[in-house]
Amino acid sequence: MKVEALTAAIEDQSLTPQEKAQAVYQHSMGMMERLVEHPTSENILTSKQAVSAITDLILSDDQTAKSLLRITSHDFYTYTHSVNVGVTAIMLAKALFSKSDAHDLHELGAGFFLHDLGKVKVDTAIINKPGRLTDREMQRMRTHPYQGYKMLAEAGALSEECRYIVMQHHEFTDGSGYPKRLKGDEIHIYGHICGIADVFDALTAERSYKKAMTPFDALKLMQQQMSHHFDRELFSRFVLLFQ
Ligand SMILES: [Fe+2]
Ligand SMILES: [Fe+2]
């Protein structure tokens with residue numbers, strides 16, 4: 001992974017916000033693709049560096065950040081999904097925390113981008129299976145939060161923030177999530193944030209067996225049929241990102 005190419009794009013003054021967002025998105029996709037293919041400790045650490053540069057960009061350049069949000073694309077691969085969730089969740093964290101020093105948005109950014117890293121330990125036939133999984137397959141799939149947590153720990157890339165994100169991004173406020181069926185406040189705010197971004201991307205992504213929903217329809221569905229899954233306040237703030 002060439003972090004240099006990414007930073008060069010970020011620092012290139014001649015690019016318009018749209019062009020810059022496009023370049024950063026392409027580099028991020030390449031980075032996640034390589035990471036998913038070779039999830040070595042070294043690649044995990046390099047990705048963390050790259051995400052740090054992307055986080056800086058999102059924090060400092062509103063226009064490019066908005067463009068980035070608009071181009072998150074809608075085909076489904078773990079790496080596309082990771083970049084989409086990474087960008088969207090950092091945007092939400094920025095909206096919530098930019099006035100406070102209590103949150104390290106770079107660590108958060110790494111956690112968001114790497115939230116599904118553990119999927120590389122799950123059989124690809126299960127990951128890519130169109131439609132419903134059997135109970136056994138579902139059980140395997142549901143190990144990915146812990147697998148990811150373990151990989152980050154082994155890479156020495158694990159901050160507390162990342163740990164909450166990777167372990168809790170499938171927990172839901174009403175206790176219907178996994179792996180621990182945590183409820184409400186038992187779920188860390190970072191886990192809540194990633195969970196919202198994760199569902200949103202799953203709905204707006206195109207899969208072999210379903211069409212992509214528009215952001216508007218996805219937000220409406222989350223509001224009307226899934227609101228018990230999310231923290232009310234965080235979800236309201238999330239909706240505002242798209243206005
Ligand atoms: Fe996940
Ligand atoms: Fe995910």
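Predicted model: local features only at pLDDT ≥ 70, side-chain atom pairs only at ≥ 80, totals over all residues.
Local features need pLDDT of at least 70 and side-chain atom pairs count only at pLDDT 80 or more, whereas totals for chains, interfaces and linings use all residues. Residues are numbered from 1 along each chain as its sequence is written, chains are lettered from A and ligands numbered from 1 in the order in which they are written, and side-chain values use heavy atoms, with hydrogens and water left out.

Helices (DSSP runs of H or I, at least four residues) are numbered from the N terminus. Helix α12 (residues 215-225) packs against helix α13 (residues 232-240) at an angle of about 165 degrees, and their axes lie 11 Å apart. Because angles over 145 degrees count as roughly antiparallel, α12 is roughly antiparallel to α13. Axes are lines fitted to C-alpha atoms, for helices over the stretch in contact, and angles run from 0 to 180 degrees between N-to-C directions. Contact (heavy atoms within 4.5 Å) joins L219, M222 and Q223 in α12 to F235, F238 and V239 in α13. By class, this contact of α12 with α13 has 5 nonpolar, 1 polar and no charged residues; Ala, Val, Leu, Ile, Met, Phe, Trp, Tyr, Cys and Pro count as nonpolar, Asp, Glu, Lys and Arg as charged, and the others, Gly among them, as polar.

Helix α5 (residues 78-97) also meets α13: their axes come within 10 Å and cross at roughly 110 degrees. This angle makes α5 roughly perpendicular to α13, a term for angles of 65 to 115 degrees. T88, L92, A95 and L96 of α5 make the contact with L234, R237 and F238 of α13.

Grid points are joined across faces, edges and corners, and a volume is the space filled by probe spheres set on the points. The whole structure holds 1 cavity of 30 Å³ or more. The largest cavity contains about 50 Å³ of space, and its lining includes E171, H192 and D231.

The largest pocket has a volume of about 1300 Å³. Among its 36 lining residues, M138, M141, A202, R207 and Y209 are the closest to its centre. Helix α11 gives the most to this lining, with 5 residues.

Terms used
Helix = DSSP H or I, 4+ residues; strand = E, 2+ residues; numbered from the N terminus. Parallel < 35°, antiparallel > 145°, perpendicular 65-115°, else oblique. 1 Å grid on protein atoms, 1.4 Å probe; cavity = no way out; pocket = protein on both sides within 12 Å on 5 of 7 lines; lining within 4 Å.
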